[in-house]
Amino acid sequence: MAEEYDLVILGGGTGGYVAAIRATQLGLKVALVEKGKLGGTCLHKGCIPSKALLRSAEVFSTVQKADQFGVKIDGATLDFTSVQNRKEQIVTQLHRGIEMLMKKGKIDVYEGHGRILGPSIFSPTPGTISVEMNNGEDNMMLIPRNVIIATGSSPRVLPGMEVDGEAVLTSDEALKMEQLPKSMLIVGGGVIGIEWASMLNDFGVDVTVIEYGPRILPTEDADIAKEAERLLKKRGVTFKTNAKVLAETLEKGDNSVVIEAEVGGVSERFTAEKMLVSVGRTPNVNDIGLENTDIEVIDGAIAVNEWYQTKESHIYAIGDVIGGMQLAHVASHEGILAVEHMTDHKPEPLNYLTVARCVYSHPEMASIGLSEAEAKEKGYEVKVGTFPFQAIGKALVYGESDGFVKILSDKKTDDLLGVHMIGPHVTDMISEAALAKVLDAAHWEVAQTIHPHPTLSEVVGEAALAVDGKAIHF
């Protein structure tokens, strides 16, 4: 059976379903193909479930220090089954919301595995989508004018450290744990690894992070990463950097994992109840029919131009499958731009330096633009302003005064180069910096913005003032 569409989207994750909604707003007849559940990795295996667990960990940690606020709580315990149930309730509610949005937009959703066909009786060019239906019915043939590939990514697995779901996990399996381990080895000190280290530590798990590079959080500004490591160490997390895990030494026992790593040239042995492998994500480019097209795959990711067109100009690709920042909000915006381009709405290309990045650990981290090292590498003369949360009244009220905001400005033009934050609720405050970047603001314009008192956001205005040595309260 065959059906014609203006647009067929492979993948119903954050990028795919947002692109579908925008396309229907512009009058296109749209089909979306998803072999799993609408919402994709972000809703079911990433952003939302992990943040639900992080929130429970934050509450549990707060309860442990409630006496600091004059609140006496005796015998507070953690019910991890209830924690997981709350997470599932949130995911289910949001999943139903997406299903309703698809119905509202009259978007046809095909539950199955979609593959791109080459030239055929259906079309002289590659792009017809053959859908292997989950329910076992005959394949559906979808004949589109345009295609968007939004198949996302999967956790990267290291050779010799294959995941078994019991002793060795990725974030996918960790989210399904029925009970917490007493100890966890985390291989990889990037964003996902640090979020899990923070969460598990707050839940009372003994955590060791093994990082191959010289420092954790290699994509963050060095000062932010240094502060994050200091604060996590203070809470009891152990870090081993410049550490090469030796996969061949992996041993699995009853409720134990043992592995060796070369740390600074010296072999060390690590033991824990479970091991979480968190070493990045791999674009999902296999078994989707790329071999039937001229689409290029470079370093494991689909190659696209600034409008997300592949070598087949009517086939676009967005989100994790093209590499890049691999963030849900980026995928959504890329999907919108791709749709607006194929419908001749002449959108502006995305400037990735205006995209905020967040780490939802405790404390949180958020950043936008260039790090100090990147700015200097690009030849900028950099002015730096920093301001600590310990001088912000609302932070003291909250009992969360660790961290700071760091603002980078171009000495010649005063243009904002980057903003980097670590501290309470900074993931909710970074959007001010994002707006400033989009408007190409100077640091002094941010400083002139009147931040209400008392609020945590005052730290942003003070850091902007600090660029010129004008900070008031520190």
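A salt bridge is a side-chain nitrogen of Lys or Arg within 4 Å of a carboxyl oxygen of Asp or Glu. I keep that cut-off at hand for the first entry. I also note that this model is predicted.

**Entry 1: Lys 274**

I looked up Lys 274 and found it in strand β14, residues 274–277. Lys 274 is buried and has no salt bridge. Which side chain of opposite charge is nearest to Lys 274? It is Glu 166, at 4.4 Å. I then listed what Lys 274 touches, leaving out residues up to four places away in sequence. Glu 166, Ala 167, Leu 169 and Met 177 are among them. The list also includes Pro 181, Ser 183, Met 184, Leu 185 and Val 257.

**Entry 2: a sheet of three strands**

I traced an open sheet with the order β11-β12-β13 and antiparallel pairing. β11 (243–253) and β13 (266–272) are the edge strands, and each has a single partner, so one side of each lacks a neighbour in the sheet. From one strand to the next, the twist averages 20 degrees. I checked β12, residues 256–263, against β13 and found seven bridges in the antiparallel sense. In one of these pairs, Val 263 has Val 266 of β13 as its bridge partner.

**Entry 3: β4 and its partners**

Is β4 mostly covered or mostly open? Strand β4 (residues 129–133) is mostly covered, with four of its five residues buried. I followed its pairing with β3 (residues 108–116), which runs antiparallel to β4 over five bridges. Here Gly 114 stands opposite Val 131 in β4. β4 also pairs with β5 (residues 140–149), antiparallel again, over three bridges. Ser 130 has Met 141 of β5 as its bridge partner. Six residues lie between the strands of the β4 and β5 hairpin, and Gly 136 there takes a positive phi near 85 degrees.

**Entry 4: salt bridges**

How many salt bridges does a search of the whole structure find? It finds 23.

- Lys 406 and Asp 221 meet at 2.9 Å, N to O. Lys 406 is in strand β22 (residues 404–410), while Asp 221 is in the loop between β9 (206–210) and α7 (222–235), 185 residues apart. Lys 406 is buried at 1% relative accessible area, and Asp 221 is buried at 2%.
- Glu 268 and Lys 240 meet at 3.4 Å, N to O. Glu 268 belongs to β13 and Lys 240 to β10 (residues 238–240), 28 residues apart. Glu 268 is partly exposed at 25%, and Lys 240 is partly exposed at 25%.
- Asp 414 and Lys 383 meet at 3.1 Å, N to O. Asp 414 is in the loop between β22 and β23 (416–423) and Lys 383 is in β21 (residues 382–388), so this pair ties together parts 31 residues apart in sequence. Lys 383 counts as buried at 18% relative accessibility.

I also noted one network of salt bridges with shared partners, joining Asp 221, Asp 223, Glu 372, Lys 376 and Lys 406.

**Entry 5: what the record says**

I found His 453 in the loop between α12 (443–448) and α13 (458–466). Is His 453 buried or exposed? His 453 is exposed, with a relative accessible area of 63%.

Terms used. Residues are numbered from 1 along each chain as its sequence is written. This is a predicted model: local features need pLDDT of at least 70, side-chain atom pairs count only at pLDDT 80 or more; totals for chains, interfaces and linings use all residues. Side-chain values use heavy atoms; hydrogens and water are left out. Two strands pair if DSSP finds at least two bridges between them. Helices (H or I, at least four residues) and strands (E, at least two) are DSSP runs, numbered from the N terminus. Axes are lines fitted to C-alpha atoms, for helices over the stretch in contact, and angles run from 0 to 180 degrees between N-to-C directions. Buried means under 20% relative accessible area, exposed over 50%, partly exposed in between (1.4 Å probe, protein chains only). Lys and Arg count as positive and Asp and Glu as negative; His and the chain ends are not counted. Contact means heavy atoms within 4.5 Å.
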